[in-house]
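Me: Got a model open here and want a quick walk through it. Can you help me read it?

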Amino acid sequence: MAYYAAFLNMIDAKKNIEVRPRHIEYLNELDHKGKVFARGPFADGTGGLVVYIADTFEEALSLAEKDPHVAEKSRRLELKEWQVL
């Protein structure tokens with residue numbers, strides 16, 4: 001098990017508002033499955049962060065790419081393995 005930080009940088013603020021309910025529903029489902037360590041928006045409105053819990057980078061990438069914000073292109077995904085200290 002490892003942690004993967006998904007930076008979700010804003011592409012389209014108007015579309016972001018439309019997609020947000022599906023994004024939250026998706027993350028709630030993953031949270032209940034134990035696949036989300038942390039999540040939330042950036043205070044400056046430029047996007048947000050989701051920290052996934054996954055066995056591999058490929059699994060985390062699959063989870064992140066299915067996020068409606070990424071799939072519907074309201075935000076751009078940058079995914080990195082994150083080491084908890």
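Predicted model: local features only at pLDDT ≥ 70, side-chain atom pairs only at ≥ 80, totals over all residues.

Me: Okay. Where does Lys73 sit?

Reply: Lys73 is in the loop between α3 (68–71) and β4. Its phi is near 60°, a positive value in a residue other than glycine.

Me: Is Lys73 buried or exposed?

Reply: Exposed. Lys73 has a relative accessible area of 60%, and the cut-off for exposed is over 50%.

Me: New topic. Which residues make the nonpolar surface patch?

Reply: Phe37, Trp82 and Val84 make the patch. The patch covers about 280 Å².

Me: And where is Val84?

Reply: Val84 lies in the segment after β4 (75–82). Val84 counts as partly exposed because its relative accessibility is 42%.

Me: Now pockets. How much space lies in the largest pocket?

Reply: About 210 Å³. The lining has 17 residues. Nearest the centre of the pocket are Arg20, His23, Gly40, Pro41 and Arg75.

Me: Which element gives the largest share of that lining?

Reply: α1, with 5 residues. At least two lining residues come from each of β1 (2–10), α1 (13–32), β2 (36–41) and β3 (47–54).

Me: How do the lining residues divide into nonpolar, polar and charged?

Reply: The lining has 8 nonpolar residues, 6 polar and 3 charged.

Conventions: Residues numbered from 1 in each chain as written. Heavy atoms only, no water. Patch = residues over 30% accessible without salt bridge, like charges linked within 9 Å, V, L, I, M, F, W, Y side chains within 5 Å. Areas by Shrake-Rupley, 256 points an atom, 1.4 Å probe, with all protein chains shown as cover. Salt bridge = Lys/Arg side-chain N within 4 Å of Asp/Glu carboxyl O. Helix = DSSP H or I, 4+ residues; strand = E, 2+ residues; numbered from the N terminus. Buried < 20%, exposed > 50% of the residue type's maximum accessible area, 1.4 Å probe, protein only. 1 Å grid on protein atoms, 1.4 Å probe; cavity = no way out; pocket = protein on both sides within 12 Å on 5 of 7 lines; lining within 4 Å. Points joined across faces, edges and corners; volume = space filled by probe spheres on them. Nonpolar A, V, L, I, M, F, W, Y, C, P; charged D, E, K, R; others polar.
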